[in-house]
Amino acid sequence: MAGSTNQGNSYGRLKKSLGQHFLHDENICRKITGALTLGPHLNLLEVGPGGGALTKYLLPLESVNYKAIEIDEEKVGFLEKTYPAIQGRIILQDILKAEMPFTDTFSVIGNFPYNISSPIMFVILDWEPHVTEVIGMFQKEVALRIASGPGSKDYGILSVLMQAFFKVEYLMDVHENCFTPPPKVKSGVLRFTNTHNPYGITDKMRFKILVKAAFNQRRKTLRNALKSALPADALSGPLMDKRAEQLTVHDFVSLDKSLTEPKA
């Protein structure tokens with residue numbers, strides 16, 4: 001969801017196609033931006049600044065190399081007029097099609113458009129070696145899903161993939177009345193801290209394919225869920241008797257390695 005200021009509708013026309021609901025609660029804005037880990041010469045990307053709700057707190061930060069990516073040209077015009085310091089720092093592009101904004105490491109922050117929040121996470125995974133931290137607002141249901149652990153009905157593909165590379169923390173709820181117009185759902189803010197591939201995953205795409213295949217038929221045991229994707233000799237072992245939601249991230253990594261490492 002794009003951000004906003006407290007200036008009524010001066011930030012322009014809402015566009016439902018872009019999932020725009022503008023954050024107007026200043027206390028929440030301060031809490032979200034305050035969750036950032038600051039350091040000298042931090043590269044920072046804001047995704048979907050919209051009307052500038054977070055932007056106005058981010059631009060004054062010292063020693064921060066700030067950039068923003070925004071798909072809505074009307075909002076870019078508003079931001080450049082309202083916050084002159086942002087001129088030359090906005091990338092007018094779809095985040096899902098963008099190249100990495102920095103060549104060095106960087107952090108990401110944003111009130112993510114809810115209709116593309118999951119795809120944004122897959123972009124973050126692609127950029128993961130360079131992304132040190134993410135502070136993001138999601139639909140609460142999605143936030144809980146990403147932060148949930150094994151054994152939960154919420155535990156799924158993004159839970160495993162994000163937790164394989166990041167420490168995931170649920171920071172706060174955000175009530176729908178904090179937005180204009182109020183969405184029909186509650187929101188939640190997550191912090192992702194890069195853990196530098198602690199499981200030693202060597203092929204991220206292969207791991208992603210395995211996790212997706214396992215959860216695509218989550219009510220079945222892995223043996224049944226994966227039988228069309230794996231040779232018969234790979235369907236043995238105790239993990240194959242479990243359902244995807246019962247496996248920890250470590251279990252998925254072990255399974256991935258067992259399928260790819262040469263048999264003794």
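The model is a predicted one.

The overall dimensions come next. The C-alpha trace spans about 65 × 40 × 25 Å along its principal axes. A compact globule of 264 residues would have a radius of gyration near 18 Å, so the 20 Å of this protein agrees with that expectation. The chain forms nine helices and nine strands. Of the contacts between residues at least 6 apart in sequence, 66% join residues at least 24 apart.

As for burial, 50% of the 264 residues are buried. The protein exposes about 12,400 Å², and 52% of this area is supplied by carbon and sulfur atoms.

In soluble globular proteins, nonpolar side chains tend to be buried together. Here the largest nonpolar core contains 52 residues, and Met-121, Ile-146, Met-162, Phe-192 and Leu-226 have the most contacts inside it. Met-162 can be followed in detail: beyond its neighbours within four places in sequence, Met-162 is in contact with Met-121, Ile-124, Leu-125, Ile-146, Val-168 and Phe-192. Apart from this core lies another, made up of 30 residues, including Leu-23, Leu-42, Leu-58 and Leu-59.

Technical notes
Residues are numbered from 1 along each chain as its sequence is written. This is a predicted model: local features need pLDDT of at least 70, side-chain atom pairs count only at pLDDT 80 or more; totals for chains, interfaces and linings use all residues. Side-chain values use heavy atoms; hydrogens and water are left out. A nonpolar core is a set of buried Ala, Val, Leu, Ile, Met, Phe, Trp, Tyr and Cys residues joined through side-chain atoms within 4.5 Å. Buried means under 20% relative accessible area, exposed over 50%, partly exposed in between (1.4 Å probe, protein chains only). Contact means heavy atoms within 4.5 Å. Helices (H or I, at least four residues) and strands (E, at least two) are DSSP runs, numbered from the N terminus. The radius of gyration is taken over C-alpha atoms; the globule rule is 2.2 Å times the number of residues to the power 0.38. Accessible areas come from the Shrake-Rupley method with a 1.4 Å probe; for residues, only the protein chains shown count as cover.
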